[in-house]
Amino acid sequence: MDHTSTLERVIRGALITCVLVFFLFPIFWIVLMSFQTNETILRIPPSIVFEPTLSNYSALITGKLETTAGNLDIAFMRNLWNSFFLSAASVLIALALGIPAAYAFARFRFRLGEDIAFTLLSFRFAPPLLVLLPLSLYFKQLGLTNTYIGLIWVYQLICLPLILWIVRGYFEDISPDIEHAYRISGNSWLKTFWKIAVPLAKPGIAAAGLLAFIFAWNNFVFALILASADKQPVTVGALAFVTASGIQYGQIAAAIVLSIAPTLALALYAQRYLVEGLSLGAVKG
Amino acid sequence: MRRALPYLLSLPALLVCIGILIPFFTAVYYSLLRFRLNLPAMKGFIWFDNYINFLSDAAFWNTVKISLVYAGLTVGVELLLGLGIALLLQKPTRFNNIASILLLLPLMTAPALAALMWKLMTNPNFGILSYFVSLLGFHDFKWASDPSTALFTVTLVDVWVYTPFIMILLLAGLRSLPKAPFEAAALDGVPRSFVFFRITLPMLLPYIITASLFRLLDSIQQFDIVYSMTQGGPGDRLMVFQVQSYLEFFQYTNVGRSAALLIVLWAITYLLSNIFIKQWLKLRERAHGGA
């Protein structure tokens, strides 16, 4: 492996560069576009030299959109807040429900335990619409359509299995001996769980929570079916915004940038946890 | 108390999920009904007629075909590309690590928004990609709005979003392989193609199978990208299962048929996921026993 020739290193470098360009160029280009007006966006040939403008962002943030057809009120910031609120609340609830269950699955061999675990895992593989379409009719009867509670409940479909399976793997890796020792010295079961097991599984909990937040943020179909404009997250809101804004391409680009920036920033900030969560969740459990 | 503890701990999670299980059974029931939201009077139990009608329905077979082609094509390309990139980045150098982190970004982009990004880039008036292909001589390339290139375009977006997923899993796999066989092969001067096909690939196989089945299950159910890009069009060119059943439900208000379509899709994924879970458990066993 140490005998790599210069030629090989050059080829490797060139290939990696191509790969990086393919995967990063779209993000780069949309960011550039978000600082332009239609005038420079529509230029042929396209050029990366332009006078940057913040007008797209200020239009989105103030909610006043100037189109050729006149002024338009948009609720994009509302969508952004919805995304944040729905994802954060869903993850917190999923952690509260999922960590004890994950511990139970990891520590106790109990009847039905494996069955329940598999049922939960199989949610991961059922077509979402299979549950969502009947649910949309039920929600109408229950008055849960277009409510945060209804959406957060359905978001458990994404968050709960993920947290359960990743955290369960971490609990399984902790030696029960440590817990036994702590219990023998006279501590209650609950205290052992809270003071020993949970802190030791912290990296797993962080990884699972982070992934769950990102997947919840990126979800599209749940809110498309169960929410109207005022409760919609950015994924659905951006699509509606494209139709509403007509041909203000810079504003569409700015809306996309604002919508993807939080998850991308989070991913970069906590990439170590993320890679761990992704590979553990899928390969190891 | 001691015996009830595990049940108590998992009960809350279970209760939340039961609320989600009920609509699942409702869907099974709906699929046996003649049930149209706009014609409530016609509602009635018809056993398997919705399914039987599929057999002679060209639209249904088009959906089956396009879903399978879509899943096979995207996962095939993503697997080859993901494996290639993982091999390129195998050595844990600083540069390679940074590159692998940056490659996570498309995966962290919401697929529905990724579709919008590519829509802007493939716009016939100003899209940068339309400009690039016009330099190559394709002046009237219509990307997702042309039936002959729609599948290609949507596959491109899917590949952009999901290749990093396979790459990350295979990279983790590659880096966890035992060193000894490779050192022995290097000492003996074994040719590298031989090492790759006879040592690396077989040892990586469990990871490859897991990663591609994971993706296959997702891809056959793809909704976000296809819906945001073309809503199943042009015509019915990209009418994959979930898009078709969504339109069946909300546009044609044919609940029975929509549910039956989803049950067929679920049967396909159930079959695939059974294979997947078996493979996955085997891997888990190895990871826990071997380490």
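This passage describes a predicted model with two chains, A and B, beginning with chain B and moving on to the contacts between parts. Because the model is predicted, local features are reported at pLDDT of at least 70 and side-chain atom pairs at pLDDT 80 or more, whereas totals for chains, interfaces and linings use all residues. Residues are numbered from 1 along each chain as its sequence is written, and chains are lettered from A, with ligands numbered from 1, in the order in which they are written.

Chain B contains 13 helices and 2 strands, where helices (H or I, at least four residues) and strands (E, at least two) are DSSP runs numbered from the N terminus. Taken along the principal axes, the C-alpha atoms of chain B fill a box of roughly 80 × 75 × 35 Å. Of the 291 residues in chain B, 42% are buried, a residue being buried if 20 or more other C-beta atoms, placed from the backbone, lie within 10 Å of its own, exposed if 12 or fewer do, and partly exposed in between. Among the contacts in chain B with a separation of 6 or more, 69% join residues 24 or more positions apart; two residues are in contact if their C-beta atoms, placed from the backbone, lie within 7 Å.

Several residues of the two chains can be described one by one. The peptide bond from B:G233 to B:P234 is cis, with omega near -5°, and B:P234 is placed in the loop between α11 (224-230) and α12 (241-250) of chain B. B:W143, in the loop between α7 (128-135) and α8 (150-176) of chain B, has a phi near 50°, which is a positive value in a residue other than glycine. B:W143 counts as buried because it has 23 C-beta neighbours inside 10 Å. In chain A, a positive phi, near 60°, is found at A:N146, which lies in the loop between α6 (128-142) and α7 (148-173); A:N146 is partly exposed, because 17 other C-beta atoms lie within 10 Å. B:P202 belongs to helix α10 (residues 192-219) of chain B and counts as exposed, because it has 9 C-beta neighbours inside 10 Å.

Chain A is divided into domain 1 (6-73) and domain 2 (76-284), with bounds that come from an automatic or database domain assignment. Between these domains, 19 residues of domain 1 are in contact with 16 residues of domain 2. On the side of domain 1 that touches domain 2, α3(A) gives the most, with 5 residues, and by class this side has 11 nonpolar, 8 polar and no charged residues. Here Ala, Val, Leu, Ile, Met, Phe, Trp, Tyr, Cys and Pro count as nonpolar, Asp, Glu, Lys and Arg as charged, and the others, Gly among them, as polar.

Between the chains, 73 residues of chain A are in contact with 68 residues of chain B. The largest share of the side of chain A that touches chain B, 12 residues, comes from α1(A), and by class this side has 60 nonpolar, 11 polar and 2 charged residues.
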